[in-house]
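Hello,

Here is the structure I promised to pass on. Please have a look at it first, and then read on for what turned up.

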Amino acid sequence: MPALESGIRLTLPAKPENVAVVRHVLGALAEALGLPHAVTEDMRLAVTEACTNIVRHAYAGGRGPIDVTVRPRGGELQVTVADAGRGIGPSLDTAGPGLGLPLIAALSDSLEIEGSRGAGSRLIMSFLRTRDTAAIGMA
Amino acid sequence: MTGRDWNGVTDPPTRISIAAGPLVGPVLRRVVGMFAARADLPLDRLDDAVLVADVVAARAPAHVASDTVDVALESSTRSLDMCVGPLRSGGARGLIVDAAVPGVGNVIEQLADGIDVETDGEQEFLRVRLAYAGAD
């Protein structure tokens, strides 16, 4: 498996069409690194969910960035998805089941959540590069 | 393209920063291809945009100001703007010169509809514009 010398950072407007850009970047990265299919699919789904949360909730109809960083950490890939929006808290603009964060936690090998109201949020996900089974049997 | 923020009338461009190395080519060509498609460029110009991305990926690491290749991308109707940098002083011209391929000529100069060099202190940015000739 090729080494990842350092990382990738992608900063783009929080718009629905840009979630696909993030997915393409992760796909290209996974291909170049020869990541197992299960890891690739789990990572793409988790990051898609994180980016979609930002598009839907972070800026309350306003504009702002999605910031995605991918870095190597030994045998893991660490993916950070951040925004500069209203921070993590109960959403007032959706009646959804609220499965986003639990899904991300299930798909990743570890998850840290940083942020507070009005100060943006950061989701730091780690994925083992050698795992060959999907986290929740979706891949 | 380099100084717009989130308070402006339009969104800033998408920015991608990739550690200079083997990932630059695969990642950059994918993103540029996607933005070219979003700009509704016809297939031949989309292919041209990806070719320019490949040349930038191959040649830019020798001219960057740090250890990453940074590209800002912005698509509009039938055109794609690609801003490469920060580059070292003289790096923008160096990157253009390095885009020459024996027997083919200079790939960037032949394919781009516009090339500009922007300077910000000691740093330079190479802006390349690809468009569809039939666009208004």
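Which residue of chain B forms a salt bridge with A:Glu31? The partner is B:Arg30, and the closest N and O atoms of the pair are 2.9 Å apart. Please keep in mind that this is a predicted model.

That pair belongs to the interface of chain B and chain A, where 3 salt bridges are found. Polar contacts were counted there too: 9 residue pairs between chain B and chain A make one. On the side of chain B that touches chain A, β1 (14-19) and α1 (24-38) of chain B each supply at least two residues. The most comes from α1(B), which gives 7 residues. Sorted by class, this side of chain B has 13 nonpolar, 5 polar and 4 charged residues.

Now for the extent of the interface. In chain B, 22 residues are in contact with 25 residues of chain A. The two chains bury about 2000 Å² between them, with 63% of it on carbon and sulfur atoms. Within chain B, the residues that lose the most area to chain A are B:Trp6, B:Leu23 and B:Arg30, which together make up 33% of what that side buries. B:Arg30 is also the residue that forms the salt bridge with A:Glu31.

A:Cys51 counts as buried because its relative accessibility is 0%. B:Cys83 has a relative accessible area of 3%, so this cysteine is buried as well.

Enjoy exploring, and best wishes

How values were computed. Residues numbered from 1 in each chain as written. Chains lettered and ligands numbered in written order. Predicted model: local features only at pLDDT ≥ 70, side-chain atom pairs only at ≥ 80, totals over all residues. Heavy atoms only, no water. Buried < 20%, exposed > 50% of the residue type's maximum accessible area, 1.4 Å probe, protein only. Contact = heavy atoms within 4.5 Å. Buried area = accessible area lost by both parts, 1.4 Å probe. Salt bridge = Lys/Arg side-chain N within 4 Å of Asp/Glu carboxyl O. Polar contact = N/O pair within 3.5 Å; in protein donor to acceptor, adjacent residues only side chain to side chain. Helix = DSSP H or I, 4+ residues; strand = E, 2+ residues; numbered from the N terminus. Nonpolar A, V, L, I, M, F, W, Y, C, P; charged D, E, K, R; others polar.
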